[in-house]
Amino acid sequence: MSLTIQRPPVKPPRRRRLVYRLRVLRHEPTAALGLVLALLLLYLVVAPLVSVISDSFRIQYGDQVHSGQQPGEWTGYYLWRVFRSQISELIFWEPLVNTVVVSLGTVLFALVVGGGTALLVTRTNVPGRKFLAGALVVPYMLPSWTFSLAWLTLFKNERAAGQEGVLQAGGVRTPDWLAYGPIPIIVTLGLHYYPFVFLLVGNALRRIDAQLEDSARILGAGRGTVLRRITGPLMMPALSSAVLLVLGRVLGTFGTPYILGLPADYRVLSTGLYQSIRDRSTGVASVIATVIVIIGVLIVLADMRLMREHRRFVTVGGKGAMDRLGDLRRWRWPAAGLAGLVLMAGVVVPVMTLILSTVMRTPGVWRLDNFTLDFWLAESLPGAVGFPHGVLRGNELWDAAVNSLVIVGSAALICGVVGLLVGYVVVRGVAPRLSGFLRQVSFLPYLIPGIAFAAASLSLFAVARGPIPALYGTTLLLIVVMAVTHLPYSSRSGISAMMQLGREPEEAAQICGATWWTRMRLIIFPIQKGALVTGVVLPFISGLKELSIVIMLTTTGTQLLTTLSINLVDYGYTQLANAVVLMIALVSFTMTYLTQRLTKSSLASGLGG
């Protein structure tokens, strides 16, 4: 009888194991790349939020006398100052009520205008449906405060500095409630954001099978019953998404409430936050920013919940009657005139108002000797101190344009590449928890209004922390913040693109001995060039119009086109500000058009077909 002794397996030497892991990592570094991206996003996305919340509960320098505590100590002083003190109504509760009023008013305006035009274009035989489908989206391609500057040019009165508006110059006195405050803000924001409702509602209406409504009418249901029992439930997800999307956008917008609210001392949360930063009330600003973040997160979470509920309202059937149009008969041309009126108010009137204001010495005076190109080309403008020449003269405009192109272009390029890499790790990664973390954290900036995230980033990077120096006032901070805030769009584009690409091309290259970088350079990037271009161009277009994110982060040396226009408004140089905004609008519209031609897509694709 033989006795067999089984020896334990001999472990390879530690050095050999390390060499083996390095070889594996060289050929498949997805996990390491995911870990690097996770750490990077933790610092750039999560850390600013933690920092701004922390600043809400720590005494800041300069407040030790009022609080009776030393800087850095934990405190509830700022919560008391914002919510319960004698000035809390001025710095928080009144702006909060104003924000609610503006938000609800804008939503109602956008629903009526956007929903009505969507119904006309998708479900009726109104003349020019295809043209209207594309033209009615144009207001969103313009900077949001284009409409507020046009409104100021038309209705401005003696309450604000600078020249009077067109109506005032023509002898028609405009009351303060019409020139400034909630009504102008609601109308101008509504004209900018109604395309959201138009697109969402229009696409939902286009996908509703008209046979369902026809069947209900055949069975004796009236129009009210059809609307309540069929069309309404099917439209509810699109309507709720449109409402919450507009609410979230209005919550973080800055330019329009600043331009039209400041002369009447009408503050909303975004302008109140900006004022607190300017007053160096860091603790108060941190509390307000935290409140804005919480509201923004709740709005988007509600939207995600309602989108999950959308699965309850689906239709199963053919598309035979889906494109049937209602016959307006003798109301066809009046309906077309109504849609044209919306187009005039949303595009033609604002743009033409701004153009005419830049070539007239005094708005509203139509004499030939009143027309001039001085605001564009003059070497010297009488009475102009802060900006003593035309916008095309001097270096201010060109320096701001170069800064905008460099900063926005760099941020867009980083955004596109990082978004595609996030998509690669999420789809190809072997660690489900790491992939899920990247998916969620890369989407987190979408939940946060831009001006609140800018305040959070300012809280983190305003002072040196460890090896990271203070970045306030640098180009790097603007690039980083702008890239992070637009990352949700590029990362979602990257994830979607990678989910549609199988592993076979990479596996074949790997069998042939190609390294990971070679596979990325010769396979992934060329195949996904469409997603990469989209992930770069869309943040670039959005970044050129961006004001809420950068208004608190720019200094004299990092002036952008958007902040230059707001500074000119502060000086009271309305014509010069209008000229700068027209330049931004021209570049934005041109880039949007070229992108649609390049990608062979359209924002309103299919609505007017």
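Start with the second largest pocket of this predicted model, which has a volume of about 1200 Å³. A pocket here is an open set of points on a 1 Å grid over the protein atoms alone, where a 1.4 Å probe fits and protein lies on both sides within 12 Å along at least five of seven lines, and lining residues have an atom within 4 Å of a point. The volume is the space filled by probe spheres set on the points, with grid points joined across faces, edges and corners.

Select Ile-277, Arg-280, Thr-282, Leu-458 and Ala-462, which are the closest to the pocket's centre of the 40 residues that line the second largest pocket. By class, this lining has 18 nonpolar, 15 polar and seven charged residues, where Ala, Val, Leu, Ile, Met, Phe, Trp, Tyr, Cys and Pro count as nonpolar, Asp, Glu, Lys and Arg as charged, and the others, Gly among them, as polar.

Next, colour the helices α2 (30-55), α14 (269-278), α15 (282-309), α20 (450-461) and α26 (561-571), each of which supplies at least two residues of the lining of the second largest pocket. Helices are DSSP runs (H or I, at least four residues), numbered from the N terminus. Which helix gives the largest share of the lining? The largest share, six residues, comes from α2.

Axes are lines fitted to C-alpha atoms, for helices over the stretch in contact, and angles run from 0 to 180 degrees between N-to-C directions. To see the contact (heavy atoms within 4.5 Å), select Thr-30, Leu-33, Gly-34 and Leu-37 in α2, which meet Val-418, Leu-421, Val-422, Tyr-424, Val-425 and Arg-428 in α18. The residues of this contact of α2 with α18 divide into seven nonpolar, two polar and one charged.

Now move to α14 and α20, which pack at an angle of about 20° with their axes 10 Å apart, and which are therefore roughly parallel to each other. Ser-270, Leu-273 and Ile-277 of α14 make the contact with Ile-451, Ala-452, Ala-455 and Leu-458 of α20, and these residues divide into six nonpolar, one polar and no charged.

As you select, remember that residues are numbered from 1 along each chain as its sequence is written, and that side-chain values use heavy atoms, leaving out hydrogens and water. In this predicted model, local features need pLDDT of at least 70 and side-chain atom pairs count only at pLDDT 80 or more, while totals for chains, interfaces and linings use all residues.

Technical notes:
Angles under 35 degrees count as roughly parallel, over 145 as roughly antiparallel, 65 to 115 as roughly perpendicular and the rest as oblique.
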